[in-house]
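Please walk through the structure shown below, beginning with a charged residue and moving on to the aromatic rings.

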Amino acid sequence: MRSLRLPLSSGPPMREAVAPAVAAAPGWTRGFLALCAGQFLGHQTGLVFSALVPVLGAEWGLSAGQAGVILGAFQLGTLAAYVAIGFLLDRMPSKPIMAVSAVLVGTGDLVFAAAARDFPSGLALRTLVGVLIGGLDLPALKQIAETVPRERRGMATGAFIATVVAAYALPLFYAGLLVPRIGWRPTVALVGGLELLGAALLAWGVPTIPLPAPPGPLVLSRYVRDVLGNMAARRVVLAYTGHNWELFGLWTWLSPFLVAALGARGHDSPTALAWGGLVAAVAVGAGGALGAVVGGRVSDRWGRTRAAP
């Protein structure tokens, strides 16, 4: 199978990034399943604060604006981490970055469960966890590109994204059930424990792929120049930014909105948390996961460029 060659600029090609050829080895599925399982557990924190907003709003005296600042800071921390992780991936294999990030995310949630007391501490700790979770997604996508046969890569990427979407959705449900019964601190501690288990799965089950020789000096200015000078890359970044703007705006506020709506209709707090979380989890998980799998399959049949629009 030929190597995948990706031009890095829209002008005259001075050089190309070459991804290693991937043989259809029968053993790639085991590592992929371990990758998805570890990433599912490692992403449990994604929307857990959304499930806690109705409770912490009352306990900490949070306004809707303050809750929004915490939710937004988590996302901004992740975006900042993506830049650093993308640069790091040319210097380290994907596996250790993912495993260490999952350990740090789990530890961050345990610290949040123990130490968050008010808006300032909650903001600082959730921003930190947002930065730490940024080390999960990009290495996983690189791992898929390096290990999954090209003709199955779209479906594998779709399955991975569906797994992450499910990981975002599920805590909306179980947090709504657990918080009224055991409290929000033990619930967040449970989330942290699941993420540490995910780190163990990533370390144990995902193969380490050696780094190819770099095409030249690895400097930050090269990455900036490659992106800014590549019209196609800029369009993809802009389109994906717009997509996530509306996506996470809906995801992060859907559960608090449904819980508030149920409370306004006279339901008690435990019932509103449970049913609001369930409906939000189904809406986020079912729609997002199905779309990711179908899109991945279509991209394998039609090609990546034709399937993207």
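**A buried glutamate and the aromatic pairs**

Helix 8, which spans residues 184-205, contains Glu-195. The model is a predicted one. Glu-195 is buried but forms no salt bridge. Its nearest side chain of opposite charge is that of Arg-126, 6.7 Å away, whereas a salt bridge requires a side-chain nitrogen of Lys or Arg within 4 Å of a carboxyl oxygen. What does Glu-195 touch, not counting residues up to four places away in sequence? The contacts are Leu-41, Gly-42, His-43, Gln-44, Thr-45, Ala-102, Val-105, Gly-106 and Asp-109.

The aromatic residues come next. Across the whole structure, a search finds 8 aromatic pairs.

Are the two partners buried or exposed? Tyr-168 has a relative accessibility of 7% and therefore counts as buried. Trp-251 is buried too, at a relative accessible area of 8%. The cut-off for buried is under 20%.

Elsewhere, ring pairs connect Phe-49, Trp-60, Phe-112 and Trp-184 into a cluster. Another ring has a charge over it: the charged end of Arg-91 sits over Phe-87, 3.8 Å from the ring centre.

Key:
Residues are numbered from 1 along each chain as its sequence is written. This is a predicted model: local features need pLDDT of at least 70, side-chain atom pairs count only at pLDDT 80 or more; totals for chains, interfaces and linings use all residues. Side-chain values use heavy atoms; hydrogens and water are left out. Rings of Phe, Tyr and Trp (its six-membered ring) pair if their centres lie within 6.5 Å; planes under 30 degrees apart count as stacked, over 60 as edge-to-face and the rest as tilted. Buried means under 20% relative accessible area, exposed over 50%, partly exposed in between (1.4 Å probe, protein chains only). A charge sits over a ring if NZ of Lys or CZ of Arg is within 6 Å of the ring centre and within 35 degrees of the ring normal. Helices (H or I, at least four residues) and strands (E, at least two) are DSSP runs, numbered from the N terminus. Lys and Arg count as positive and Asp and Glu as negative; His and the chain ends are not counted. Contact means heavy atoms within 4.5 Å.
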